[in-house]
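Visitor: I have a structure open here and would like to go through it with you. Can we start with how the chains meet?

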Number of protein chains: 4
Amino acid sequence: MIEAGIIGGAGYTAGELIRILLNHPEVHLNFVFSTSQPGKPLSSIHQDLIGETEIKFTDKINSEADVIFLCLGHGNSKKFLAENQFSEKTKIVDLSTDFRQKSEDHDFVYGLPELNKDHIKKANFIGNPGCFATAITLAILPLAKNSILKDEVHVNAVTGATGAGTSLSETTHFSWRDNNFSAYKSFEHQHLHEIGQSLKQLQADHEAAINFIPNRGNFSRGIHATAYTKFSADLGEARKLYQEFYNDAAFTFVTEEELHLKQVVNTNKCLMRLQKFGDNLLITSVMDNLLKGASGQAVQNMNLMFGLEEKMGLNLKASYF
Amino acid sequence: MIEAGIIGGAGYTAGELIRILLNHPEVHLNFVFSTSQPGKPLSSIHQDLIGETEIKFTDKINSEADVIFLCLGHGNSKKFLAENQFSEKTKIVDLSTDFRQKSEDHDFVYGLPELNKDHIKKANFIGNPGCFATAITLAILPLAKNSILKDEVHVNAVTGATGAGTSLSETTHFSWRDNNFSAYKSFEHQHLHEIGQSLKQLQADHEAAINFIPNRGNFSRGIHATAYTKFSADLGEARKLYQEFYNDAAFTFVTEEELHLKQVVNTNKCLMRLQKFGDNLLITSVMDNLLKGASGQAVQNMNLMFGLEEKMGLNLKASYF
Amino acid sequence: MIEAGIIGGAGYTAGELIRILLNHPEVHLNFVFSTSQPGKPLSSIHQDLIGETEIKFTDKINSEADVIFLCLGHGNSKKFLAENQFSEKTKIVDLSTDFRQKSEDHDFVYGLPELNKDHIKKANFIGNPGCFATAITLAILPLAKNSILKDEVHVNAVTGATGAGTSLSETTHFSWRDNNFSAYKSFEHQHLHEIGQSLKQLQADHEAAINFIPNRGNFSRGIHATAYTKFSADLGEARKLYQEFYNDAAFTFVTEEELHLKQVVNTNKCLMRLQKFGDNLLITSVMDNLLKGASGQAVQNMNLMFGLEEKMGLNLKASYF
Amino acid sequence: MIEAGIIGGAGYTAGELIRILLNHPEVHLNFVFSTSQPGKPLSSIHQDLIGETEIKFTDKINSEADVIFLCLGHGNSKKFLAENQFSEKTKIVDLSTDFRQKSEDHDFVYGLPELNKDHIKKANFIGNPGCFATAITLAILPLAKNSILKDEVHVNAVTGATGAGTSLSETTHFSWRDNNFSAYKSFEHQHLHEIGQSLKQLQADHEAAINFIPNRGNFSRGIHATAYTKFSADLGEARKLYQEFYNDAAFTFVTEEELHLKQVVNTNKCLMRLQKFGDNLLITSVMDNLLKGASGQAVQNMNLMFGLEEKMGLNLKASYF
């Protein structure tokens with residue numbers, strides 16, 4: 001069994017990791033580290049876990065764990081690793097932004113399996129992608145792969161309230177968000193950096209803007225994204241490019257059906273649909289921000305790093321309703 | 001014009017008062033006092049007010065106002081009135097719990113017009129009823145009026161997230177409350193005191209328990225309550241008692257139709273339905289917790305105190321959807 | 001008093017008209033025509049109306065009404081007017097698409113007051129704008145007014161479930177729509193025609209595409225739209241153009257504040273915010289699809305046609321929560 | 001592998017069964033029978049199944065299946081079994097009301113494992129309990145077990161929109177149900193029959209009324225129920241009774257924590273909390289109406305009938321948010 005530890009156990013992504021790992025056939029949840037909740041049962045925070053486990057949060061780290069998942073606030077992963085030592089064999093998956101950008105300062109591989117599967121298999125350290133970044137990058141990556149991403153891409157995406165984390169704020173108050181909708185960080189969302197890095201990895205000359213308007217939706221889970229750009233060939237050609245690119249993807253599927261968000265909620269899947277209008281190729285993509293956009297993808301990366309079947313522990317029942 | 005002031009202007013009930021008073025034909029909104037927001041436009045907090053008013057929050061009180069509404073946290077109204085002086089003519093409507101219980105220490109009249117209309121007309125000081133208290137008291141008051149409230153009453157009611165106020169907490173976080181439901185303060189809700197006081201006012205020997213389970217619903221506005229108790233006569237008799245009791249009520253109506261919450265959201269109405277099953281009389285009652293349950297009723301009380309038409313400024317368009 | 005009739009009284013827009021007209025100081029609701037509900041009280045369908053009115057649906061038309069509102073399915077207004085005769089004085093506001101396109105076959109004026117106020121004042125027949133068309137046209141009309149709408153406009157908008165009408169379908173089933181999100185009719189929404197007509201009215205040479213992706217949101221009321229296009233001048237200049245254009249608008253306001261949908265729900269307002277990113281001007285616009293996008297605007301048009309104050313009967317309390 | 005068939009494959013409970021059985025380690029989904037959708041892929045109706053399976057609906061029945069699940073409308077299971085023949089070995093789980101009442105006309109065992117585990121293990125035919133019946137029966141069964149259910153029980157429960165099935169109606173329209181709440185079938189819900197039967201099975205002299213008010217909640221999944229009755233002993237004693245009764249239950253847990261609905265959504269669990277107020281014992285119970293209240297319990301029953309581990313295939317990740 002793989003002995004797994006979670007660092008920063010009280011947030012949404014940690015909760016999702018716990019839910020997945022408790023049922024993962026090759027993993028034993030060794031410890032869940034939390035400086036704020038030591039000694040309390042996991043179910044005191046992740047209240048669905050009653051009847052599932054008796055594990056308690058701890059403020060002790062097992063430095064011999066086979067894998068640790070860092071579920072810390074952005075900026076804190078780097079700090080944590082500077083202050084804590086792990087064994088040589090310990091693999092690390094970091095869910096923050098700290099190691100997503102390639103740099104000479106670290107050996108983290110960007111953990112988007114559709115882009116970097118072979119690297120991930122050999123990696124010890126993974127920078128797990130952001131949620132919007134995953135949905136949007138997957139929507140346009142096959143165009144970059146074929147070096148035909150020449151024009152601006154127009155992206156509009158909406159995320160659920162869990163995307164903002166557990167912290168309380170005006171825009172996560174139920175009375176505010178219920179039956180509401182709003183745009184935020186238009187043209188300036190921080191995920192544009194990692195999206196650009198991934199595109200350039202496949203199409204070095206990529207320069208055109210990604211015009212991205214993120215929105216706050218009045219739902220809890222999921223991302224729905226639309227992206228369109230000029231595309232000179234016909235729809236059949238587009239579908240061929242996408243099918244080829246995602247041919248061996250474990251969780252990403254291209255479909256001709258109309259899509260809606262709840263098809264993927266509580267699963268690790270990303271579904272995509274292609275349409276053509278005039279000279280515009282429109283790609284719609286849906287996924288769960290906490291799973292394919294965070295904890296599910298983290299476990300997918302773990303599976304790849306440990307040579308397990310990529311989908312192990314991730315055949316999740318969609319809630320759908 | 002009646003010069004009106006609001007004390008504690010940043011919360012939900014103050015926002016509703018502002019929305020109502022700005023359109024009230026006999027009121028001029030003289031000032032909105034807020035220690036936290038002085039100098040900022042009302043629309044910086046109550047963001048729907050863009051285009052409606054240029055008034056700013058102030059930290060100065062006009063002690064010559066004709067009427068002031070206290071929208072302070074429970075316990076703070078008493079303190080505020082001890083520290084601030086108003087003119088002899090200034091009428092006061094307090095929306096907190098501070099003056100709802102009759103006492104020799106104060107001259108506040110409990111502001112439930114269906115119970116105390118004549119007193120309210122002559123009053124200078126009003127203790128405005130609580131939201132659950134209004135919905136539940138109205139549901140059973142005609143029985144007390146006829147001195148036939150002898151058995152236990154079984155009450156279950158659900159309120160929206162605005163019932164918990166603007167403060168942020170786990171149970172008002174959208175991710176928690178969305179598509180969720182939970183009971184709280186079962187058998188021990190603080191409104192049981194004022195309900196009991198109103199029942200005893202009409203039926204001095206009332207003693208049987210009001211078993212009340214409040215619930216948190218995943219909606220923003222409104223209260224839906226069901227109450228049942230033993231009732232020996234038939235349904236026709238029950239309807240007669242209720243119709244008579246509410247005959248001159250401005251906003252409370254008894255209907256034979258099936259009820260649902262959104263019939264009254266964004267209105268000052270309370271709708272009630274009677275049914276009989278075996279020897280149980282079931283009363284369903286619905287109203288908006290922020291209007292009939294707070295600010296709407298406060299303005300209704302103001303209208304009565306100033307000799308205005310009771311419904312003035314309160315013919316509100318239901319949002320319904 | 002203006003004697004008003006409503007044709008097709010069972011749908012959402014008819015319900016909203018009834019709610020507004022019952023409180024309108026210069027209007028008497030003369031009749032509500034419904035072939036499906038004759039003899040039933042209005043409150044049997046519009047169930048919030050208990051206690052508001054005793055009017056019943058009728059299958060008789062008063063051809064001497066001062067104004068009638070047609071709330072019929074698209075295509076049925078033309079048919080209805082061919083089969084029914086009204087007096088010479090009767091003014092007509094049609095809420096369907098039937099008369100929105102200018103044509104030599106009819107004398108209907110497109111009822112967007114921000115564009116056609118003077119024409120509306122003299123008109124007898126109004127083609128009331130579509131909901132998406134109102135939100136989007138208002139967002140970009142000041143650019144057309146200044147003949148600087150040269151490039152493609154990228155529009156993404158989301159509407160509530162009431163936008164789909166009362167008919168039952170998979171995508172209006174609560175279990176489907178709750179916590180869901182989906183795009184539909186991308187690049188092909190029927191409102192593009194009326195948007196184009198309005199733009200060309202102010203900028204005859206307008207030709208660039210309006211790329212419009214409509215979405216189904218999991219809320220009941222409202223439209224939130226973002227639109228961006230190339231704009232060479234600075235943000236100050238943009239604000240100046242918009243402020244000037246909407247200077248005398250009764251319900252349309254430009255603000256520098258961040259916007260969200262619930263600021264306008266249950267009001268007749270349209271709020272707009274301008275931002276500039278690189279050479280893109282981003283306009284966010286929010287309004288209530290059933291009011292400014294349908295029945296509220298219809299009454300606004302009626303007020304203008306009858307020489308009443310433009311806002312009469314439309315100072316509606318926002319539900320906000 | 002157990003060859004399983006589903007009869008009536010287009011509804012909610014069939015969808016949930018498919019989702020569970022596709023991942024069940026000992027089951028092969030042999031066929032999904034639908035007269036309305038033959039030849040279409042399952043994913044055309046259950047749209048989350050893209051990427052999960054290529055199975056198509058069929059109008060042919062495999063009479064040699066090891067187990068079939070009947071997901072037909074109430075009344076249709078009886079009819080279906082009269083018209084279709086299965087092999088001697090074929091076990092049947094019926095999710096309708098048709099065989100829940102004990103009768104000399106059939107050999108179906110009421111499939112509530114907490115009540116009938118030993119019978120279920122030996123059964124060939126299961127009448128799968130109703131959703132409200134499961135939540136309420138589990139809440140009070142330990143009292144009947146100890147023959148102390150003497151007084152009236154006061155039950156209030158709320159269910160999600162999926163409880164009403166896929167059919168479209170006014171009360172399942174999103175615009176109606178969103179942010180709404182309503183009671184229905186008060187004192188007369190059909191599940192009272194099966195609740196009474198289960199109570200009498202353990203306490204033959206049980207006679208007191210179960211006063212049950214069901215409600216429609218504005219969420220998709222889940223049941224939240226409160227039930228209270230007179231209980232003379234103390235809370236510790238109550239907890240002891242419940243803990244003993246549910247000691248070997250696979251999915252039913254008694255907790256001292258405050259409960260909320262989302263703790264169990266998308267799981268097969270039932271969580272219960274006990275409190276005492278005066279002489280009233282209050283039991284709160286939460287579960288997922290489509291899982292523990294339907295398809296999850298059906299698979300639990302299948303596991304028991306086939307001698308499998310009771311939880312096999314039912315370790316479902318809670319969606320929680």
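Guide: Contact here means heavy atoms within 4.5 Å. This is a predicted model.

Visitor: OK, how many residues of chain C are in contact with chain A?

Guide: 37 residues of chain C touch 37 residues of chain A. The area buried between chain C and chain A is about 3200 Å², and carbon and sulfur atoms give 55% of that area.

Visitor: How many salt bridges are there across the interface of chain C and chain A?

Guide: The rule finds 4. One salt bridge joins the side chains of Glu152(A) and Lys230(C), at 3.1 Å from N to O. By class, the side of chain C that touches chain A has 15 nonpolar, 15 polar and 7 charged residues.

Visitor: New topic. Why is helix α1 of chain B largely enclosed?

Guide: Helix α1 (residues 12-22) of chain B has 11 residues and 9 of them are buried, so the rest of the structure largely encloses it. Among the buried ones are Tyr12(B), Leu17(B) and Arg19(B).

Visitor: What covers the buried residues of α1(B)?

Guide: The cover includes β1 (2-7), β2 (27-33), β3 (67-70) and α8 (295-305) of chain B, together with α5 (174-177) of chain A.

Notes. Residues numbered from 1 in each chain as written. Chains lettered and ligands numbered in written order. Predicted model: local features only at pLDDT ≥ 70, side-chain atom pairs only at ≥ 80, totals over all residues. Heavy atoms only, no water. Buried < 20%, exposed > 50% of the residue type's maximum accessible area, 1.4 Å probe, protein only. Helix = DSSP H or I, 4+ residues; strand = E, 2+ residues; numbered from the N terminus. Buried area = accessible area lost by both parts, 1.4 Å probe. Nonpolar A, V, L, I, M, F, W, Y, C, P; charged D, E, K, R; others polar.
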